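This briefing sets out selected features of a single chain, grouped by topic. Please read it alongside the sequence and the model shown below.

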Amino acid sequence: MRKKILTTILAASLVMSLLGCSSQSDSASNAENETAVEEKDTTETVKTEETLEPSGEETTITVWAWDDNYNIPIMNLAGEYYAKDHPNVKVEVVSLAKEDVYTKMQTALAGGGSGMPDIVLMEDYVSGKYLQAFKGSFADLTDKIDYSDFLAFKKDAVSYDGRQYGVPLDTGASVLFYRTDLLSQAGYTDADIQDCTWEKFIEIGEAVKEATGSYMIVEMAASKTTLLRSMMQSAGTWYFDANGEISIEGNAALEAGFELVKEMKDKGILYEAESTGDRAGALNNGTVAAIVNGPWMASTIKAAEDQSGLWKVTNTPRFSNVEGAVNASNLGGSSWYVMDTSESKDVAIDLLGTVYTNTEYYNEIMLNQACVSGYQPALSGEAFETEDEYFCGQKIYQIFAETLEKVPGVNYGGYVAEANDAITIGLAEYMNGNTDIAGGMQMASEQLKNQLNR
């Protein structure tokens, strides 16, 4: 996520855009998590009805993205795939810091849209603010891309006002990584922690702490929102409701999350890491027995070579007292957006619609970049059948895929970073005993309303 100070500046400028720059806009997301789809050959590339025929015209598609080890090579490979049938189309990816992508885009859109690329990458947590603030700036892909095989919650994440504007890239299946040996020393088995409730998880955590001295779970000291976000989405609720309105006070899942996080701390099973390095160290040296996080956490855990065969992956715990809660959630993810003013808009749309419905392409980025996609036909294959010796021979990517199919959809609202900041303050006041749950949530809600001028 963006750094706090940049987030605040960006949020303020976006509010200014909504109030003072609306004249520059030309026109004026989640629901069910199960989408009925027709069974397709998983090696097939699904084409949209308006797939472009190769032409002799030289075209360069410019893309803004970040991360030279992940998103950049992923899009470069997409260009190579598309060039097989469209040799005159070149993809030029501009590598920027994530914060710079948003800053440059904000500046360009506020100035009327000049200087934007053809395609831009945005996180699902923030895209909603740009779709709302700069209506008409992003191409409407609803009737251009075949969305039938994308996971419902990812389709919702690229939606605004009932229309689809982005092509999903990756997901962040929320899973529980845990030390089997520490659980065993406390008298528990794998079966005890699978499909469990948070109450059962805390019970196991207390036993682990007593038997081994290890904390059960780790979170960042400055903010506990990773856990809270995973908890909320597992119940199909979020900081914002289906209409994008702030939904903090009276949010049953968030209230239950506040209570559980405080209980973990009070019972001595929550380790509060001072930095990501501290968090990694706690996982690697046995200070902590488990963590709820996305697929990328596997590489951090595997840095401790001496722990190979001691770790496993399972689904996240669920609420026992919140209606609709399941043992599945998601943390993060990004999608591609085409600028409506792009002179090569049709080619850019065709590129995304062609490559990002190609299972061969997805399998390659799964193996090379560990990209777990939101495209259902690609959630199987060679990478997902691979047994990981480090995780006791588990097919961990298969577990990620099975999790994603059960994730409830929510409307991220676009202002997740701002909501995280507000929640952090309210939660801290509650955990420090300065207020009750209702007071902490009211404090967070009021700060967010003030920040977003609502």
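In helix H11, which spans residues 276-284, the buried residues are Arg-279, Ala-280, Ala-282 and Leu-283. Viewed down the axis of H11, these buried residues fall within an arc of 160°, so they line one face of the helix. The model is predicted.

**Surroundings of helix H11**

- Gly-286 follows H11 and has a positive phi, near 85°.

- Helix H4 covers residues 124-133, and nine of its 10 residues are buried, leaving the helix mostly covered.
- The buried residues of H4 are Asp-124, Tyr-125, Val-126, Ser-127, Gly-128, Lys-129, Tyr-130, Leu-131 and Ala-133.
- Ser-137 lies in the loop that runs between helix H4 and helix H5 (152-157).
- Ser-137 has a relative accessibility of 17% and therefore counts as buried, the cut-off being under 20%.
- Setting aside residues up to four places away in sequence, Ser-137 touches Leu-109, Val-338, Met-339, Asp-340 and Thr-341.

- Asp-67, a residue other than glycine, has a positive phi near 80°.
- The position of Asp-67 is in the loop between strand E1 (59-65) and helix H2 (71-83).
- With a relative accessibility of 35%, Asp-67 counts as partly exposed.
- Asp-195 is likewise a residue other than glycine with a positive phi, in this case near 55°.
- The loop between helix H7 (190-193) and helix H8 (198-212) contains Asp-195.
- Asp-195 counts as partly exposed because its relative accessibility is 47%, which does not reach the exposed class of over 50%.

**The chain as a whole**

- The chain contains 18 helices and 13 strands.
- The chain has 454 residues, of which 57% count as buried.

Notes. Residues numbered from 1 in each chain as written. Predicted model: local features only at pLDDT ≥ 70, side-chain atom pairs only at ≥ 80, totals over all residues. Heavy atoms only, no water. Helix = DSSP H or I, 4+ residues; strand = E, 2+ residues; numbered from the N terminus. Buried < 20%, exposed > 50% of the residue type's maximum accessible area, 1.4 Å probe, protein only. Contact = heavy atoms within 4.5 Å. Arc of directions from axis to C-beta.
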